[in-house]
Amino acid sequence: MTQVSETKVLALYNKRKNDSRARTAETMKERLGQEQELLKQECLHLRSRLDAAQSECQKEREEKLVLREQLWASREQLQQQAAFCTGLGAASCTLLWSASSKEEVIKEILTDGKLQSFLCLAGQTLESFVKSLDGQANIEKQDSNSPEQQFVLALAGIVTNVAAVTCGRDFLASSAHVLLDTLIQLLVLLKAGVFPKLKVLMLMALYNVSISVKGLKYISEFPGLPSLIWTLLEDGDNEVCLHSLRLLQSLLLEQDLLSLTMLLDDPQLPLERIRTLAASSRHPALRQTAQETLDDMGSRRTSTSKEPTDTSTSSSFNIHAKKNSSKSQMHNVSCGTSHSIDDTCFPSVE
């Protein structure tokens, strides 16, 4: 009897235990079902957001494509406008370059009162162009007739012609110091063999300004100018060497005894190079100018070694020489289709 009771109790216990497990399993099943439903709803929500994001992305991609096409069109239009402006500037400045070879035209330009703003724009344009070269030594061979080159050559030619007239170089010497500084700085930036035509025009402009006593004083005070001339004398272009020597001749006429002494005693002074140009150059004008420079250096070295009482006599002689020597010819440059540089001079009225 006791055994039967224990068996019933054990069976009842097992049944309750199985019922409890079944209820637990059912509860877990319901919970999993609920979680699965939540995950399903969340998945549908995320899919909806994904579809919206993809639609927005596609819309932005299409808008970006439209904007890119507009950018290309605007860039092409801007390039066309830049080319037109460059061509117009080249044509206009070339005409003005040609007209500025006449003294009366320079006087009219000065009377008009717009020269200062023109010189400011000219300096900025030349600086921008030179900095864009980035050492392209063969630029002229690549595109010798490009509007950009014609433009900057014409600008430099106009400045040179302005400086070839007395009133013009007096204006430059007194009211265009920024432009003069820019010309010298650009000569520093231009490497050997790069755009020698532009170098020559800038050197001619500086030489013309140096014919004025005030202009010579300002230019000679520019730091590093002698070193620049020494560097330019090593240039392979004969015209660059020629006009570098002419500018050096102007510096030799500086009346400041200390400045002259420092110039003549500069250890970097390329005497051998000047002697070589004087002895073996196939360019007659360059050979003659080199020899004259050597003679000037010798005479000025002699004058600086004299007693102080002789200084006034020496200064008077050199001012006279500056006004009348063939070496002090002003350079007026004309332009042609090939932009060749022709040296002429206005009568010296100083």
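Trainee: Is C57 buried, partly exposed or exposed?

Mentor: This is a predicted model, and the class rests on a computed accessibility. C57 has a relative accessibility of 35%. Buried means under 20% and exposed means over 50%, so C57 counts as partly exposed.

Trainee: Which class does C43 fall into?

Mentor: The relative accessibility of C43 is 40%. With cut-offs of 20% and 50%, C43 therefore counts as partly exposed.

Trainee: How many disulfides are there?

Mentor: A disulfide requires a pair of cysteine sulfur atoms within 2.5 Å. By this rule the number of disulfides is zero.

Trainee: What is the handedness of the crossing of α3 and α5, and how do the residues of their contact divide?

Mentor: The crossing of α3 and α5 is left-handed. On the α3 side the contact includes L115, F118 and F129, and on the α5 side it includes E148, F151 and V162. The residues of this contact divide into two polar, one charged and twelve nonpolar.

Trainee: Where is E148, and which residues does it contact beyond its neighbours within four places in sequence?

Mentor: E148 belongs to helix α5 and is partly exposed, at a relative accessible area of 39%. With neighbours within four places set aside, the contacts of E148 are T86 and F129.

Trainee: Which residue has a positive phi although it is not a glycine, and is F195 buried or exposed?

Mentor: F195 has a phi of about 45°. F195 sits in the loop between α7 (177–189) and α8 (196–210). Its relative accessibility is 0%, so F195 counts as buried.

Trainee: What share of the contacts with a separation of 6 or more joins residues 24 or more positions apart?

Mentor: The chain has 350 residues, of which 37% are buried. Among contacts with a separation of 6 or more, the share from residues 24 or more positions apart is 73%.

Technical notes
Residues numbered from 1 in each chain as written. Predicted model: local features only at pLDDT ≥ 70, side-chain atom pairs only at ≥ 80, totals over all residues. Heavy atoms only, no water. Left-handed = near helix turned anticlockwise from the far one by under 90°. Helix = DSSP H or I, 4+ residues; strand = E, 2+ residues; numbered from the N terminus. Contact = heavy atoms within 4.5 Å. Nonpolar A, V, L, I, M, F, W, Y, C, P; charged D, E, K, R; others polar. Buried < 20%, exposed > 50% of the residue type's maximum accessible area, 1.4 Å probe, protein only.
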